[in-house]
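I am opening the notebook on this model. The entries below follow the order in which I looked things up.

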Amino acid sequence: MKRRPRGFATRAIHEGQAPDPVTGAVVPPISLSTTFAQTQVGEHFGYEYSRSGNPTRSAYEQCLASLESAAYGFAFSSGLAAEDAVLRVLRPGDHVVLGNDAYGGTFRLISRVHTTTGISWSAADLHEPGQLSIDWPAATKMVWLESPTNPMLSTFDIEHIVEIAHRRGAIVVVDNTFATPVYQRPLELGADVVVHSATKYLGGHSDVVGGFVAMNDDDGAEQIGFLQNAVGAVPSPFDCYLALRGLKTLELRMERHTANATAIAAWLGEHPAIATVFYPGFSGIVSCRLRGGADAARRFVERTELFTLAESLGAVESLIEIPAAMTHASAAGSPLEVADDLVRLSVGVETVDDLIDDLASALPTS
Ligand SMILES: *Cc1c(COP(=O)(O)O)cnc(C)c1O
């Protein structure tokens with residue numbers, strides 16, 4: 001009998017996590033050893049030095065690569081460290097086209113760090129992929145996009161963008177932090193590289209900072225593997241354990257995030273103080289603009305109790321923030337600038353009626 005491929009939730013719980021052959025432990029041990037014994041010079045059990053490879057990290061990398069339908073996965077110490085490794089593959093003179101709605105830190109990394117090594121960039125509106133081919137700078141080697149975007153929650157036709165980019169010799173990198181592989185697997189849509197901030201939904205509990213790169217291309221994977229070791233921005237074994245533990249409940253959590261966010265987006269849409277609601281229909285992030293402008297937005301986020309006023313997103317507890325003043329402050333004055341009356345909610349997995357009560361008591365009544 002041909003074996004049916006295992007489902008997502010099964011792989012999240014078992015891939016890379018077979019019981020320990022020596023002790024039978026069902027949870028991969030946190031391997032703290034920085035070095036590994038060699039039986040003869042150059043003869044070892046697959047591990048030499050923990051920056052180059054670590055058993056806890058391998059378990060996590062194998063599991064998350066599988067969830068992204070990738071042949072290769074590389075864990076990094078933060079989302080930005082993962083992004084940096086991908087951008088280091090570019091050469092002086094190369095051009096990056098960045099979607100014009102993106103995480104502020106990505107924008108800062110490209111525009112202020114990688115430009116110093118001779119990389120140029122431009123922002124593009126990816127709503128109309130056809131427009132992309134008209135504005136295409138000749139040296140473009142990479143198209144970098146988020147879908148849904150942070151914080152406007154736009155979604156794009158990844159397959160169409162990939163088709164245009166590939167025809168012109170550029171690779172496509174998708175930041176899949178907001179959708180997670182539960183809702184979107186960009187490599188299946190033809191994208192070349194997936195990056196993640198594992199700090200968000202993958203870890204899922206606001207207790208670990210991490211990043212990830214997934215891909216299928218052998219040569220590209222060799223370059224990223226080289227950079228992971230040569231630059232050394234690797235997560236600790238404990239961080240890998242936490243992220244891997246997060247993956248086990250990813251699908252369950254995402255279902256609840258979506259149910260809660262769907263209810264809250266609908267409720268906000270009916271509220272007289274809210275001008276516009278942005279919600280892509282899945283995952284847990286909802287953005288909205290207030291009729292009362294920036295001052296009303298600030299009062300709103302400072303009055304909630306269950307929704308904690310804080311940066312970050314994607315964890316079990318609900319958070320609220322003003323992107324223009326917080327997560328996206330570094331994009332002020334750029335093509336990626338965000339309206340100052342925009343509020344971003346990261347809807348957690350609490351009891352939804354309590355979340356709605358909290359928002360109701362923080363918004364003006366008329
Ligand atoms: C948070 C975030 C990042 C950066 O990840 P860190 O883990 O904070 O370095 C990148 N992209 C998106 C979409 C994010 O939300």
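**Charge over a ring.** I count a charge as sitting over a ring if NZ of Lys or CZ of Arg is within 6 Å of the ring centre and within 35 degrees of the ring normal. By that rule I found Lys200 over the face of Tyr103, 5.2 Å from the ring centre.

**Ground rules.** The model is predicted, so local features need pLDDT of at least 70, side-chain atom pairs count only at pLDDT 80 or more, and totals for chains, interfaces and linings use all residues. Residues are numbered from 1 along each chain as its sequence is written, and side-chain values use heavy atoms, with hydrogens and water left out.

**Helix α2.** I take helices (H or I, at least four residues) and strands (E, at least two) as DSSP runs, numbered from the N terminus. Helix α2 covers residues 55-67.

Next I checked burial. Buried means under 20% relative accessible area, exposed over 50%, and partly exposed in between (1.4 Å probe, protein chains only). In α2, 10 of the 13 residues are buried. Among them are Thr56, Ala59, Cys63 and Leu67. The cover over the buried residues includes α1, β1 (72-76), α7 (180-183), β7 (211-215), α8 (218-231) and α9 (237-248).

**Tyr60.** This residue is in α2. Tyr60 counts as buried because its relative accessibility is 2%. I listed its contacts (heavy atoms within 4.5 Å). Beyond four places in sequence, Tyr60 touches Ala75, Ala198, Gly211, Phe212, Cys240, Ala243, Leu244 and Leu247. I also looked up Phe278: from Tyr60 it is 218 residues away in sequence and 33 Å away in space, C-alpha to C-alpha.

**Salt bridges.** My rule is a side-chain nitrogen of Lys or Arg within 4 Å of a carboxyl oxygen of Asp or Glu. The count comes to 7.
- Arg57 and Glu61 form one at 3.4 Å, N to O. Both lie in α2, 4 residues apart, about one turn of the helix.
- Arg167 and Glu163 form another at 3.3 Å. They are about one turn apart in helix α6, because 4 residues separate them. Arg167 is exposed at 59%, while Glu163 is partly exposed at 47%.
- Glu188 and Arg185 meet at 3.0 Å. Glu188 is partly exposed at 48%, and Arg185 is partly exposed at 27%.

**Arg11.** Which side chain of opposite charge is nearest to Arg11? I found Glu15, 5.7 Å away. Lys and Arg count as positive here and Asp and Glu as negative; His and the chain ends are not counted. Arg11 is buried yet has no salt bridge. Arg11 lies in helix α1 (residues 8-14). Its contacts beyond four places in sequence are Arg6, Gln17, Cys63, Ser66 and Leu67.

**Backbone.** Most residues other than glycine have a negative phi, and most peptide bonds are trans. I noted these cases.
- Ser147 and Pro148 are joined by a cis peptide bond, omega about 0 degrees.
- Asn150 and Pro151 are also joined by a cis bond, omega about 10 degrees. Pro151 is in the loop between β4 and α6.
- Ser206 has a positive phi, near 55 degrees. Ser206 is partly exposed at 44%.
- Ser312 has a positive phi, near 80 degrees. Ser312 is partly exposed at 26%.

Definitions and conventions
The expected span of a helix is 1.5 Å times one less than its number of residues.
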